[in-house]
Each structure stands twice: as C-alpha cells, then as structure tokens.
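Dear colleague,

Please find the sequence and structure below. A short account of what was found follows them.

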Amino acid sequence: MERWLTAHECEDAAMGAPSVCPATPPAQRIYGDITANRLWTFRVLVNEDLAANEQLAIVGSCEALGNWQHSGAAVMKQSTADGSDNVWIAQVYIPRQCATEYRYMVCGVDAASEHVLVRRWEVQLQPRRITELDESTGQCDDTFGYVNGKEKVDRGWLTQETLVQFKFFHAPFTFKQRMKRRLVHVKVTPMNLTIPSNGAAEITPLSPLEDSLSNDTHDTRENGGEGSAFAFNEVVTLSANECEVHAQEQFGTACSASDLVIFHLTVADLDNTAYLVDLYSYSSKVAREDGPPLHLGYHYVLPNLFKRSEGNLELAITCAKGHRPLGMMRLGYLIVKPSSLSAHMDMRVSYARYWNNKWTGLDVGHRGSGTSFKAKDAVIRENTITSLKYAADHGADMVEFDVQLSKDLVPVVYHDFMIYVSLKSKCSMQEHDFLALPVRELTLEQLKKLKVYHTAEGLSRETRSFHNDDLLEHQPFPQLADVLDALDVHIGFNIEIKWSQRLQDGSMEEEFEHVVDRNLYIDCILDVVLRKAGSRRVVFSCFDPDICTMLRYKQNRYPVMFLTIGSSSKYQKYMDPRGNSMETAVWHAVAMQLLGIVAHTEDLLRDPSQVNLAKERGLVLFCWGDDNNSKDTIKLLKDLGLHAIIYDKMDVLTSKEVKQSVFLLQAKDSQKEMLKLQALETGHVWHTTDSGNEEQQA
C-alpha cells in the first residue's frame, strides 16, 4: 500500500487515522510533512526469510507512522545499495520538537484492497525511541525484533482477514485395505473462487502452486496473477520437536496415527475461498530425498460447507490418477473472524505474552472467596461482587471468575451451565416446583428477577442462605461490566470463558448444543473487556483450546492461558486431545503463542517434573483444583516455582503479612520512584524516617 502521509507535531491520538494524499513514485516516496519536521532514515536488518508477499513496515507515535495504527504504517522498501535482500529502508519526516517512538513489523499488503495485515511485530514493553531535537545522524540502524540484545516478536492479530484452521488429528483417513498402512502427507492450499470480469468462472490458487502435483491445478496462475487473491498457508504439528507455526512444505506434512496436525490458513476473502486438500505418500522403496512422492488423491473443500465457526467435515478422497473414490477423511475446522474492534487496536503496547519476573507465587481467589456450594461453612455466595471484593481485601493478587452469556448476549459471571428455577413461591421447596434450565436460555432481566437455585440446591432440594443475600453486590449473575467497575483496578482478573465441550464418551458438558456462534460469543465478551478494563491486569483462560486460539487472534492486548485437566481420576477427559495431558497442552500453547498453562494440581502433584515442561518453553504456569485448598500444598507449589495458585478461602489460607495485591505494591513503588526523581529535580532531599517511611525533606 503506497500513500503519502502528512504529519503534525507530536499528535498521539491512538485511534486517529492518518490523512491520505496522492502518492509519489515508489523509488522517491518519503513519508510525512517537511514543515517543522526532520527527515529520518530508518534502516533495519531482517535475519529471517520473508514470504513472497511479506514486507517490513514501521508504526509509531506520529502521524507519518500511523499514530500506532497498523493501517497507517510506513511500508519500507528493500535496499539494493549493499547487494543484500535482508536490509529494508524508509525515509520519514518525524517531529523535531518531541520524541518519536516506533516499532517494526512484518506485514502483508493485499494489493487488491490495500489492507495491511500484521504478520509479526516487535512487542518489547518499551518501544524504540528517537529523542527530540536529535539530528546528529538522521538515521537509525536496527535489527528486526532485537532491542538491547533481546528478541521479542509475536505474531499479529486479525484486523480484516480471517483465520481458518483444519485439524487432522490421529490420521483421520479411511482407505481400502491395501492403502491402510501408508503414511499420508497432507497439503492444504486456499483457492480463489471469484468470477473474473469476462464472466468465466475459474479457480486460481491464493499462493504459489509450482510444487503441486495435482492435475487439477497445473493450469492455475501463481500468486499475484490476474484473479488471484491473498493468503498465507502455514501448518504446525503438535509435538516435542516441532510446535511452532511455519510455512507448509512442498509435499505437505505427515499425518500419522499419533500426530496432531493443524493447518493454519490466513485468507482475505472467506466467502470466495475454497481449499484444495492434496494427499501424498512416499513409496517404501524410495527414499524421500530421491524424488517426489506419489500423489494419492485430493478434495476441494468449498466455503458453503462451513455452517458455523467450528465443526467436523467428512470428505470423500478422489483418486488423483483415476478420479474415482479412494476413501474418506474426517477433519475438524475452526474459523476465526476479526472482532468489530480488531481493526482499531493500536500497537503502542501489548501484554499478550508479558509477565514480570517478580510475579511468582501469586495468590488467586477462586471464584472470589471460594466455591460456596461445596463447603457448608461458606457465608458468601461465589462469583458475586462481594465474594471478589472479599478476596481482594484479604490479599488476593488476582481473582478468578467464570463468564458466560445470557440469552440476550450479556456477559455475566456464573460458573455452572445449568440453574434451577422455582415455579411457585420463593419459599416453596417441593420436588415438582423446580425446572432445570441452561443459563443461556434466560435473559439478563430474567436471571435478575427470577428466584434461581444453584445445581447443588436443585439436586439436593436443600437451599442455602448466605450473608446479606438480598443486597445487590451479593446477588448472583453480576454483569462483567459491573465487576470491572466495582473492583480496585490494581486487582488482577483471571477471566475464565465458559464453553461446553464434548467429552470422550461423546456427551456434552452441557446437556444442550450451543446456539450462539463462537465468534459472536467471544466478541460480546471482548467488547466489554476492551472498553472497561483500562490498565487492569487481565488474563483470559478456557478449557476449550479453540476458544483460546480465538481469544489470542481476536485482540493484541491481553494474554490467554490454556486450562487443562491433564491426567485425572476426578474428571472425565475431553474428546479434543489437546488438554488431556500436560505435554499436548504445552505444545498447543507454544503453537498458538499463548501466555501459558493453567494446570490441574492433581496432575502436577502426581508428577511435579511436569512443571519444567511449561517453564522450559518459556510459558507462565498457574494451577487450579481442590488440592490447592491446603496451606502445605500452596507452599509446595510456590516452592516448585508456579507463577500463581488458584484456591478458595483467601482469608484463611493466605500466608501474606501485607494484605495487598502485588500490582498495588508495584504501583506504589513506581509512584515512590517518581516522587524521588521529582524531588531531585527540584533540589529537595528524599530520606527515610525512623519509622521506615520515605518522605521528601525541604
């Protein structure tokens, strides 16, 4: 995308869009306005291979650099001066009277729409900086991703494009007898279904297909040709040796009976994109390096097969040679669409994979002050504003709570998928007076006004009474927006997204199938958090690995953690294998660039060495479970180096002497350091009193 951007002095309106003027020829293009600004040359070395349709760009704090908006970034050009393809350069007029902050990113630019996709970007907490009035060199020489010798680069988020994933778990192929033992390699290629201007329908590939052996694709044009579109085709195998998303190989990826393979496809036009699935196999008599494999078969997956944001497809495999049915394959798919706020998220800072080294052994209040329907002595109802505040008042660094949607799509805080509703007076407690309903079948108003009972009350027919149960902050189903407003901003939130999954026996956690689409479900929750959370430390978590993927790629601000059951005698495993062991959970978290894992303590106590599985991969590790409700266990887990422990009864089990969150103490320390600097600048003395307090002395 080529555009001429005017710049004003030190404008930093994060949501402001840059003005657009006629472009100069690419070789002479300079970003910004010469008036009251200085010309700066940005030169950056890239130590990685870029895809054919990837470029370097700069985004930053002035209008010429997009005011931190990816859509206004200055796209760079490859330098030919030193004969290297790895150096990129751009000239930009930046403000002279104020500092300019900036980051580099690898972007994809869709030539047809001029949309900029953020592929990868620098995510150091503090961006690069050019000081005001600095004209000593007029140039900066940087290396992409490295600031002060440390590399921090993350994948981007969805802005206008769509992420499509195909899941080939445990070789989901059914062949005739003679084919059953073959190791199949799979390649998935997005195909453009748009009708060209001459009116003749055609299928063209969205990426180079010079390596495809499919007879049906020999005559298709390569990426960039007339009628082609824009896509990135990647894959990941969840294993110890390889669990990072990368470009697909020439003849696909092996899908054996033990493999968990996810094809990771970024497409610009979901409705007009089909997917060619090619299957290859190497002969047992021919070494892989000796020649190409046999092209077994193929299938075209058309977009009209995607009825929802996720599902399973049973597809016929067509023989590549005889074009006859060869077998069947069953695969899962996931479609992640950008939220309405995605395109406007700025690039000033990201906490998606940020965790301060000082944040270890944090105390997290489970549902606030704890599960209230397991313990008979609980006096505060779980997942209420009162419960969350009580945990915060007794030293919780973070509070964990569960969020799901009401029928009218309002995010509310509640754990169970089902509730019981009284059909008679509120005092009546006869068996026939109750009706079990999913929470999602009641509107927010109904949840607030009806007399509802927890599943434990409905099943036992024994009602529970809690302290001040009639007061507003003691009521169940508080809105997520109200919770964000009610608690001190220095209390961190671990927001668990509730989503019913299919269990290994084929049943659902919730008795009924979902009626709200995944994308809409997540968007409703993200909309509230992005508008209300402000500077609060927020961590999302979910037991569903696909929900975690969606949370990760729909926004660039908050971290996501994968909740797992692992090896357990208490809970039934899910049909999706990614959360059923610590090992596969770690691989998934690394592949999708999640912050970390929320492990089941039962599994960790069974094998404490599993802690290293996560920490060696640079993941943050929380833990949950009833086993945590013991001072000895909490101490053991902290000694093992866990970053946070989620447990009940913060007032009883915490070992903190100072009942304040680590984030509040950190904020106080930062304020104290700021006051010290101000005192030094004004000529005052900062000293420590006999009582240990620090204060300014005139």
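**A buried glutamate**

With a relative accessibility of 1%, Glu122 counts as buried, because buried means under 20% relative accessible area. Please keep in mind that this is a predicted model.

Glu122 belongs to strand E7, which covers residues 116–122. Its side chain takes part in two contacts with backbone nitrogens. The backbone nitrogen of Tyr104 is reached by the side chain of Glu122 at 3.0 Å. For Gly145, the backbone nitrogen lies 2.7 Å from a polar atom of the Glu122 side chain. Leaving aside residues up to four places away in sequence, Glu122 touches Arg103, Tyr104, Arg128, Thr143, Phe144, Gly145, Tyr146 and Lys152.

**Two helices that cross**

Two packed helices are described by the angle between their axes and the distance between the axes. Helix H5 spans residues 518–532, and helix H6 spans residues 545–553. Their axes come within 11 Å and cross at roughly 55°. This angle makes H5 oblique to H6, and the crossing of the two helices is right-handed.

Which residues of H5 and H6 meet? From H5 come Arg518, Asn519, Ile522 and Leu526, and from H6 come Asp546, Ile547, Met550 and Leu551. Sorted by class, this contact of H5 with H6 has five nonpolar residues, one polar residue and two charged residues.

With kind regards

Notes
Residues numbered from 1 in each chain as written. Predicted model: local features only at pLDDT ≥ 70, side-chain atom pairs only at ≥ 80, totals over all residues. Heavy atoms only, no water. Helix = DSSP H or I, 4+ residues; strand = E, 2+ residues; numbered from the N terminus. Buried < 20%, exposed > 50% of the residue type's maximum accessible area, 1.4 Å probe, protein only. Polar contact = N/O pair within 3.5 Å; in protein donor to acceptor, adjacent residues only side chain to side chain. Contact = heavy atoms within 4.5 Å. Axes fitted to C-alpha atoms, helices over the stretch in contact; angles between N-to-C directions. Parallel < 35°, antiparallel > 145°, perpendicular 65-115°, else oblique. Left-handed = near helix turned anticlockwise from the far one by under 90°. Nonpolar A, V, L, I, M, F, W, Y, C, P; charged D, E, K, R; others polar.
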